Structure formats: C-alpha cells, structure tokens
Amino acid sequence: MSDELTFDVPFVLGMMRLHERPELADATRLADWIEARLDEGLDWFDHADIYGNRECERLFGEALARRPALKTRVKVITKADIVLPARDTSRFGVKHYDTSPEYLNARIDASLEQLGVERLEHFLLHRPDPLLDAHATAAALDAAIDAGKIGAVGVSNFLPEQWRRLQAAMRHPLGAHQFELSLARPEVLFDGFYDAVIADGLAPMAWSPLGGGLVFEDVLGSALESFANAFDSSTAGLALAWLRRLPGHPAPVIGTLKDSRIQALHRDSNLMLDRTTWFALLEEARSHRVT
C-alpha cells in the first residue's frame with residue numbers, strides 16, 4: 001500500500017446526510033463549515049452519487065465554487081454503481097447495480113462536474129455487481145486513472161474473491177476498501193475478511209463505525225461509558241479508538257456534521273488503547289468471554 005493511498009486523519013467526514021442539514025444548504029455557510037474542518041486538519045470527505053439522490057455532491061460543489069481556494073485542500077472520495085429506482089430508465093423502475101464502462105465513465109464525469117474538483121482522490125465501486133465484466137470495467141477505471149480523473153480505484157462492501165477478480169484485470173492497484181465495522185459489528189475481524197483486506201494491501205475504511213448508535217445501547221453502552229470516564233474520553237471517541245487500534249488503522253467514516261461532535265471526536269483521537277482494554281471492550285460487545 002503506497003503512502004498516497006492511506007488516510008492520515010483520525011476519521012473521514014461522511015457526507016451522506018448533508019442534504020438533511022438545512023443550516024448547511026447555503027453555499028457560504030457550507031464553505032465556512034468545510035474550511036473549519038480543513039483548518040482542523042480534517043481534509044477527507046466521503047461522498048456517493050446516491051447520497052441525497054445526488055444532492056449532496058451538488059451542495060458540496062456549490063460551496064467549493066463559492067470559495068475556490070478550498071478546492072486544492074479537500075480530498076474527495078465518491079462512490080457509484082447503485083442505480084436507484086427513480087433513476088432507472090427501463091420499464092421496470094428497479095434498483096440495480098451498473099458497473100458497465102459507459103455508466104461508470106458518465107458517473108465519474110458527473111461527480112467531477114458536480115463537486116467542481118479536478119480529481120477524485122478515490123473512486124469506489126459502491127456494491128459488488130453480479131454482472132460485472134471485470135476486464136471491460138477494469139480497462140475503463142485504469143483509463144480514468146491514466147487521464148488524471150481519479151487518483152485510485154477502490155471498492156465498498158466487496159468480498160475477497162469479488163475485489164480480487166477486479167484487481168486481476170486492472171493495471172493499477174486497488175486503493176481502499178470501505179465496509180461495515182464497529183464494536184457492535186466486529187464479525188469481519190473473525191471470519192478472515194479483515195485479514196484479507198490487510199493482506200491484499202487495501203486501505204481499510206469503516207462505515208457505520210458507531211454501529212448506527214448500537215454501541216451506546218445496553219451492556220456495551222454502559223461499559224463504554226465506564227471505560228470512557230476512566231480514559232477521560234467521550235464514549236464515541238473510545239469506540240473509534242478501539243477501531244484505530246487494529247492493524248492497518250482503519251479510517252472511521254463518521255456521519256455527524258455537527259461542529260461540536262466533530263471537535264470532540266478530534267480531541268479524543270490521540271487516545272491509544274492497550275491490548276487488555278481492547279479485549280475487555282470486545283468481550284462486552286460480544287457478551288461472552290474470549291475463548
């Protein structure tokens with residue numbers, strides 16, 4: 001894994017709910033928000049074309065257009081290949097995946113235009129497509145890298161044999177893999193999946209790193225609160241520290257857009273867990289002892 005394909009931030013800022021925040025609908029206010037994050041050293045922003053039915057990319061691009069100096073400072077990730085029913089032009093109106101070269105080329109160009117950036121640092125295939133023509137898709141993605149439109153290709157939610165089939169057809173290495181991982185959902189650490197990500201040199205990214213709020217509930221939530229008090233940390237900060245303790249240091253993709261929460265997580269990002277604390281939290285999360 002080359003240095004340019006790693007994430008040098010404590011977390012990535014997820015843009016999935018940007019369209020739900022009316023106070024950030026104004027381009028100037030959103031530009032202020034983006035600039036504040038950049039000044040804090042948080043420069044990775046995670047998008048997908050389906051977020052807000054393409055509205056999130058548009059809002060982000062309008063903010064960058066309002067303040068063009070920010071364009072050279074942001075590092076943008078976006079994803080595509082999911083076609084929502086409302087965007088399906090067939091008579092079926094069915095949600096489906098499309099990894100055809102024609103579709104992906106169009107989506108790369110559209111994301112560049114909507115976001116108003118010259119290059120996408122990472123372009124990820126959002127879901128594995130059973131109809132993937134690996135050689136045709138690989139050629140299109142390699143060409144997009146060669147043209148300078150994207151820095152690296154990655155995947156999201158792919159199983160090992162799925163990403164390896166794509167990689168075998170590509171000239172450029174796959175860069176990142178975004179998948180679900182949290183204290184509430186640690187299964188990929190024990191079924192060989194996470195080991196495969198690391199062994200194949202993919203930069204791991206954890207979506208839903210707080211389990212959609214599940215880490216704060218029941219026995220695990222109580223344990224996190226107790227541990228957090230001992231470490232003088234927030235419970236969310238402790239849950240993210242648990243992730244970052246893993247080999248490969250997965251980059252959590254956080255969903256909050258609130259300044260105060262982002263700043264609190266940033267303050268807690270220097271927390272390093274020792275081995276026994278990590279396993280103690282794992283036991284609480286799985287509700288049974290380590291065998």
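## Packing of H7 with H8

Helices H7 (residues 218-231) and H8 (residues 235-244) pack at an angle of about 90°, with their axes 9 Å apart, where helices (H or I, at least four residues) and strands (E, at least two) are DSSP runs numbered from the N terminus. The axes are lines fitted to C-alpha atoms, for helices over the stretch in contact, and the angles run from 0 to 180 degrees between N-to-C directions. H7 and H8 are therefore roughly perpendicular to each other, since angles of 65 to 115 degrees count as roughly perpendicular, under 35 as roughly parallel, over 145 as roughly antiparallel and the rest as oblique.

On the H7 side the contact (heavy atoms within 4.5 Å) is made by Leu-224, Glu-225, Phe-227, Ala-228 and Phe-231, and on the H8 side by Thr-235, Leu-238 and Ala-239. By class these residues are six nonpolar, one polar and one charged, with Ala, Val, Leu, Ile, Met, Phe, Trp, Tyr, Cys and Pro counted as nonpolar, Asp, Glu, Lys and Arg as charged, and the others, Gly among them, as polar.

## Basis of the values

This is a predicted model, in which local features need pLDDT of at least 70 and side-chain atom pairs count only at pLDDT 80 or more, whereas totals for chains, interfaces and linings use all residues. Residues are numbered from 1 along each chain as its sequence is written, and side-chain values use heavy atoms, with hydrogens and water left out.

## Packing of H7 with H10

The axes of H7 and H10 come within 8 Å and cross at roughly 160°, which makes H7 roughly antiparallel to H10. Val-219, Leu-220, Ala-223, Leu-224, Phe-227 and Phe-231 of H7 meet Thr-277, Ala-280, Leu-281, Glu-284 and Ala-285 of H10 in this contact, and the residues involved divide into nine nonpolar, one polar and one charged.

Nine of the ten residues of H8 are buried, so H8 is largely enclosed by the rest of the structure; buried means under 20% relative accessible area, exposed over 50%, and partly exposed in between (1.4 Å probe, protein chains only). The buried residues, including Leu-238, Trp-242 and Arg-244, pack against strand S9 (203-207), H7, strand S10 (251-254), helix H9 (259-267) and H10.

## Aromatic contacts

The structure holds eight aromatic pairs, a pair being two rings of Phe, Tyr or Trp (its six-membered ring) with centres within 6.5 Å, and planes under 30 degrees apart count as stacked, over 60 as edge-to-face and the rest as tilted. One of these pairs is formed by Trp-242 and Trp-278, which are stacked at 4.6 Å centre to centre with 5° between the planes. This pair links distant parts of the chain, since Trp-242 belongs to H8 and Trp-278 to H10 (residues 275-286), 36 residues apart. Trp-242 is buried with a relative accessible area of 0%, and Trp-278, at 10%, also counts as buried.

Elsewhere, Trp-163, Phe-179, Phe-193 and Tyr-194 form one aromatic cluster. The charged end of Arg-286 sits over the ring of Phe-190, 4.1 Å from its centre, the criterion being NZ of Lys or CZ of Arg within 6 Å of the ring centre and within 35 degrees of the ring normal.

## Positive phi in loops

Asp-232, in the loop between H7 and H8, has a phi near 55°, a positive value in a residue other than glycine, and Asp-232 is exposed, with a relative accessible area of 71%. Asn-157, which is not a glycine either, has a positive phi of about 70°; Asn-157 lies in the loop between strand S7 (150-156) and helix H5 (160-169) and is buried, with a relative accessible area of 18%.
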